[in-house]
Amino acid sequence: MENITELIRKTRTVRRFQKKKIPRKKLVELLEFTRLGGSARNSQPLRYMVLSEEKHCDRIFPLLGWAGYLKDWPGPDQGERPAAYIICLLDLNRCKGPECEAHFDLGIGSQNLLLGAAQMNIFGCRIGSFSKSSVSRIFKLDERFKPLLVIALGYPAEEVVLEETDKDGDIRYWRDDQGIHHVPKRSLSDILLEPVFLEENSE
């Protein structure tokens with residue numbers, strides 16, 4: 001079994017997939033990773049809708065925005081589209097108003113889900129750019145459920161590699177002539193700040 005460092009390195013965003021189904025049972029299993037994760041105030045306000053039937057996947061695909069930095073790429077071709085989607089929803093009966101901190105839950109839950117998926121050699125892409133009103137209408141969502149995020153999932157059909165940002169600090173991902181997807185990451189020294197304490201009695 002992979003250790004946590006290997007699993008985190010392996011868990012990359014993938015946007016092109018093999019034409020291969022994911023058993024619904026496996027998709028539902030992934031929700032265990034979100035269910036067991038931390039929750040702000042332990043309110044557990046998120047709900048999830050699993051889409052694995054081809055007719056449902058075909059309905060949601062046109063509503064999604066793909067890879068903002070790849071301006072000339074409209075998304076995966078027909079044969080490379082995700083095998084499934086999980087829609088993350090906020091239950092407004094459980095969390096609303098200024099004290100609602102569901103964004104913490106969304107980050108924790110979606111990362112747990114993708115880590116668990118990678119352990120099964122399933123990879124995905126978080127998609128925040130999508131028509132929330134259309135998703136609500138097409139899937140007849142009750143008004144209490146607010147769509148927050150779509151996670152596209154499948155078996156990967158592309159290679160994703162990490163590299164350090166260049167001297168200009170450019171963090172835009174890109175693809176080379178072989179279709180390999182490159183993701184720049186800031187160095188450890190770039191993100192680490194040393195504490196500087198205010199001297200006592202200096203206020």
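**Entry 1**

I began with Arg-94, which is partly exposed at a relative accessible area of 48%. My scale calls a residue buried under 20% relative accessible area, exposed over 50% and partly exposed in between, with a 1.4 Å probe and protein chains only. The model is predicted, so I took local features only at pLDDT of at least 70 and side-chain atom pairs only at pLDDT 80 or more, while totals for chains, interfaces and linings use all residues. Residues are numbered from 1 along each chain as its sequence is written, and side-chain values use heavy atoms, with hydrogens and water left out.

I then looked up the partner. Arg-94 forms a salt bridge with Asp-91, the closest N and O atoms being 3.7 Å apart. I count a salt bridge when a side-chain nitrogen of Lys or Arg is within 4 Å of a carboxyl oxygen of Asp or Glu. Asp-91 is buried, with a relative accessible area of 0%. Shared partners put Arg-47, Asp-91, Arg-94 and Arg-144 into one network of salt bridges.

**Entry 2: other salt bridges**

I got a count of ten salt bridges by this rule. One of them joins Arg-16 to Glu-158, with the closest N and O atoms 3.1 Å apart. This pair links distant parts of the chain, 142 residues apart. Arg-16 sits in the loop between α1 and α2 (24–35), and Glu-158 in the loop between β4 (145–154) and β5. I take helices (H or I, at least four residues) and strands (E, at least two) as DSSP runs, numbered from the N terminus. Arg-16 is buried at 15% relative accessible area. Glu-158 is buried too, at 12%.

I also checked Lys-55 with Glu-53, where the closest N and O atoms are 3.9 Å apart. Lys-55 is exposed at 56%, and Glu-53 is partly exposed at 43%.

**Entry 3: strand β7**

I moved on to β7 (residues 181–185). Four of its five residues are buried. Which strands pair with β7? β5 (residues 160–164) pairs with β7 in the parallel sense over five bridges. I call two strands paired if DSSP finds at least two bridges between them. Leu-162 stands opposite Val-183 of β7. β6 (residues 174–175) runs antiparallel to β7, joined by two bridges. There, Trp-174 stands opposite His-182. The hairpin of β6 and β7 has five residues between the strands, and Gly-179 in this hairpin takes a positive phi near 80 degrees.

**Entry 4: pockets**

I found about 650 Å³ of space in the largest pocket. My pocket is an open set of points on a 1 Å grid over the protein atoms alone, where a 1.4 Å probe fits, with protein on both sides within 12 Å along at least five of seven lines; lining residues have an atom within 4 Å of a point. The volume is the space filled by probe spheres set on the points, which are joined across faces, edges and corners.

The lining has 24 residues, and Arg-12, Leu-162, Val-183, Pro-184 and Lys-185 lie nearest the centre. The largest share, four residues, comes from β7.

I put the second largest pocket at about 310 Å³. It is lined by 15 residues, with Lys-19, Glu-54, Arg-81, Pro-82 and Ala-83 closest to its centre. Helix α3 (residues 54–60) gives the largest share of this lining, three residues.
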